[in-house]
Amino acid sequence: MKIYDWPTGPYPARVRIALAEKNLQSRVHFVRINLWKGEHKKAEFLAKNYSGTLPVLELDDGTFIAECTAITEYIDALHGTPILTGRTPREKGEIHMMNKRAELELLDPISVYFHHATPGLGPEVEVYQNSEWGLRQRDKALSGMHYFDTVLRAQPFVAGKEFSMADITVIGGLIFAALVKLPVPEECEALKAWYQRMQQRPSVKNQ
Ligand code: GTS
């Protein structure tokens, strides 16, 4: 398998964390795509992923799978433990919901803030910016942090009692938050304590 990757990228980190959790890194060849040079917007890469984003998984038969959630589901179905996407129908439903919420309320808004209200990847790549939209998304992400703080006051992990793909997506959000210097609000104590615990996991620590 190949993963088209960018080593400091928060979204690619989600897949690298999932691979490390499943101990599958040795089965993957990482191919670096330089975001700062806009390599992900060139025709050669767009042929692999129409959306022009990283990461992308390429299977040995030439199939391309984009989107972190889809790639994580593929990896999870391959082999071993921990199970990241749920065992029972209920677990699968809850994990998928919380994972989507982590994208909608935290990680994606921070990404929009980065691309629209900061210099982002620079003028060559950021051909359209709308700073007002970016700032609204920053505020949405801050609300998302408060939401996940409330969730984590009631349970040890984002989707319940066990570590899952939803935790990985919130971790991706907090990696991106640190990159854009958007601190977790002081009062979000449960979210901060959870993140400290997550950073002790070898899969996260070794990013
Ligand atoms: N929905 C996609 C997913 O879940 O895979 C989003 C992927 C995404 O936005 N990836 C970022 C990207 O390609 C990579 S990184 O910012 O985390 O490094 N961004 C480049 C761009 O121009 O949007």
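Figure 1. Helix α1 (residues 10–21) contributes the most to the shell around the ligand, with 4 residues. Helices (H or I, at least four residues) and strands (E, at least two) are DSSP runs, numbered from the N terminus. In total, 14 residues surround the ligand, and the closest are Y11, H40, L54, E67 and C68. The model is predicted, and local features need pLDDT of at least 70, side-chain atom pairs count only at pLDDT 80 or more, and totals for chains, interfaces and linings use all residues. Residues are numbered from 1 along each chain as its sequence is written, and side-chain values use heavy atoms, with hydrogens and water left out.

Figure 2. On its own the ligand has 550 Å² of accessible area, of which the protein covers 88%. Accessible areas come from the Shrake-Rupley method with a 1.4 Å probe; for residues, only the protein chains shown count as cover.

**Figure 3. A salt bridge between R87 and E162.** Side chains of opposite charge can pair when their charged atoms come close. A salt bridge is a side-chain nitrogen of Lys or Arg within 4 Å of a carboxyl oxygen of Asp or Glu, and by this rule the count comes to 12 salt bridges. In one of them, the side chains of R87 and E162 meet at 3.5 Å, N to O. This pair links distant parts of the chain, 75 residues apart: R87 belongs to the loop between α3 (68–78) and α4 (89–117), and E162 to the loop between α5 (131–154) and α6 (165–179). R87 is partly exposed at 47% relative accessibility, and E162 is partly exposed at 44%. Buried means under 20% relative accessible area, exposed over 50%, and partly exposed in between (1.4 Å probe, protein chains only).

**Figure 4. Salt bridges of D149 with R153 and of E186 with K192.** The side chains of D149 and R153 form a salt bridge at 2.8 Å, N to O. Because D149 and R153 are 4 residues apart in helix α5, about one helical turn separates them. D149 is buried, at 5% relative accessibility, whereas R153 is exposed, with a relative accessible area of 52%. In the salt bridge between K192 and E186, the closest N and O atoms are 3.3 Å apart. K192 is partly exposed at 29%, and E186 is exposed at 61%. Elsewhere, salt bridges that share partners join R14, K100 and E103 into one network.

**Figure 5. The buried residues N34 and F45.** N34 occupies the loop between β2 (29–32) and α2 (43–46) and is buried, with a relative accessible area of 18%. The side chain of N34 reaches the backbone nitrogen of W36 at 2.9 Å and that of K37 at 3.1 Å. A polar contact is a pair of N or O atoms within 3.5 Å; within protein, one must be able to donate a hydrogen and the other to accept it, and residues adjacent in sequence count only if both atoms are side-chain atoms. F45, in helix α2, is buried at 4% relative accessible area.

**Figure 6. Backbone geometry at two prolines and two other residues.** Most residues other than glycine have a negative phi, and most peptide bonds are trans. The peptide bond from L54 to P55 is cis, with omega near 0 degrees, and a cis peptide bond also joins T81 and P82. N23, in the loop between α1 and β2, has a positive phi near 60 degrees. The phi of K181 is also positive, near 55 degrees; K181 is exposed at 71% relative accessibility.

Key: Near = heavy atom within 4 Å.
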